[in-house]
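Please keep the sequence and the structure in view while reading.

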Amino acid sequence: QNPECDDISDEKGCKIVVIDPNNYMKDKPPKQALVKLRVDLLKILEIGEVEMMYRTQYALYQEWLDPRITFYNLHGNQGLNTLIEEEKHLIWTPRLVFDNTDEKTRTTTDSESVISVKREGNFTQNTLENVDNIWIFQGMDNPLDMNRVYETEWICDYQMHWYPFDTQTCRMTFAVTKDMNNFIRIIGNGHTYLGPVELTQYFVRGTEMFPERLGNDQQAIVLEVTLGRRLLGTLLTIYLPTFLLNIIGHSTNYFKPF
């Protein structure tokens with residue numbers, strides 16, 4: 001091989017993922033698998049108070065270790081360690097449920113999912129019998145990272161008792177599937193809100209991520225978005241016109257008849 005060719009010819013025919021097809025089962029997670037979850041909330045697309053929903057666009061990142069996998073020739077730049085489509089479907093990937101949705105939508109591994117390997121561990125070189133110069137990395141030291149952008153319609157229970165001085169709290173709940181609940185563990189790995197703070201009727205007061213246990217001790221990570229109402233718009237469009245109409249109505253009592 002001629003490494004780092006300008007025409008990327010050194011990458012052709014190269015593979016990153018190496019598994020033992022006789023022992024690796026892609027439907028089974030690694031033993032004591034730990035999945036780190038990170039969410040970049042890109043935008044709040046829609047708020048439906050009557051429909052009791054809100055729709056968001058976000059990037060979901062999942063990171064885990066799989067000791068059953070061996071990696072070849074990892075780069076220091078993670079972007080160069082991206083798996084091709086064939087490799088993505090060879091390995092186990094975490095499946096999460098979007099719990100507070102109508103249809104209990106799940107994460108998916110498809111052509112829009114990007115899976116790459118973080119080079120964090122040391123490597124060994126192949127034996128002299130192999131003519132190719134290969135650096136071998138172990139899956140127990142180099143985590144896999146999968147990310148995908150989703151648009152999801154979430155159920156949100158709006159509390160309108162204190163309108164227009166209300167504060168609403170809407171959730172995005174990512175839960176482990178029931179069949180995997182006893183075999184993997186998920187933890188939060190941070191979150192970021194990247195969208196505009198000022199919305200049409202609300203402003204984003206804050207966001208928070210925390211773990212939670214659902215029914216039957218089901219693991220979940222919750223991203224909670226707190227929305228405050230924009231009072232100036234409410235005062236100008238509701239209270240001020242009502243006040244002016246009342247003033248005009250009462251003032252007509254003092255007009256002289258013609």
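A nonpolar core is a set of buried Ala, Val, Leu, Ile, Met, Phe, Trp, Tyr and Cys residues joined through side-chain atoms within 4.5 Å. In this predicted model, the largest such core has 46 residues, and Tyr 54, Tyr 58, Phe 71, Met 172 and Phe 174 touch the most other members. Strand 2 (residues 33-48) gives the largest share of this core, six residues. In soluble globular proteins, nonpolar side chains tend to be buried together.

Met 172 shows what such a position touches. Beyond its neighbours within four places in sequence, Met 172 has contacts that include Val 39, Leu 41, Tyr 54, Tyr 58, Trp 154 and Ile 221.

Aromatic rings come next: the structure contains eleven aromatic pairs. In one of them, Tyr 58 and Tyr 150 are stacked, at 5.9 Å centre to centre with 20 degrees between the planes. Tyr 58 belongs to strand 3 (residues 53-64) and Tyr 150 to strand 9 (residues 144-155), so this pair ties together parts that are 92 residues apart in sequence. Both tyrosines are buried.

Phe 98 and Trp 154 make a tilted pair, with 5.6 Å centre to centre and 55 degrees between the planes. Because Phe 98 lies in strand 5 (residues 96-98) and Trp 154 in strand 9, the pair ties together parts 56 residues apart in sequence. Phe 98 and Trp 154 are also buried.

Methods
Residues numbered from 1 in each chain as written. Predicted model: local features only at pLDDT ≥ 70, side-chain atom pairs only at ≥ 80, totals over all residues. Heavy atoms only, no water. Buried < 20%, exposed > 50% of the residue type's maximum accessible area, 1.4 Å probe, protein only. Helix = DSSP H or I, 4+ residues; strand = E, 2+ residues; numbered from the N terminus. Contact = heavy atoms within 4.5 Å. Phe/Tyr/Trp six-rings, centres within 6.5 Å; stacked < 30°, edge-to-face > 60°.
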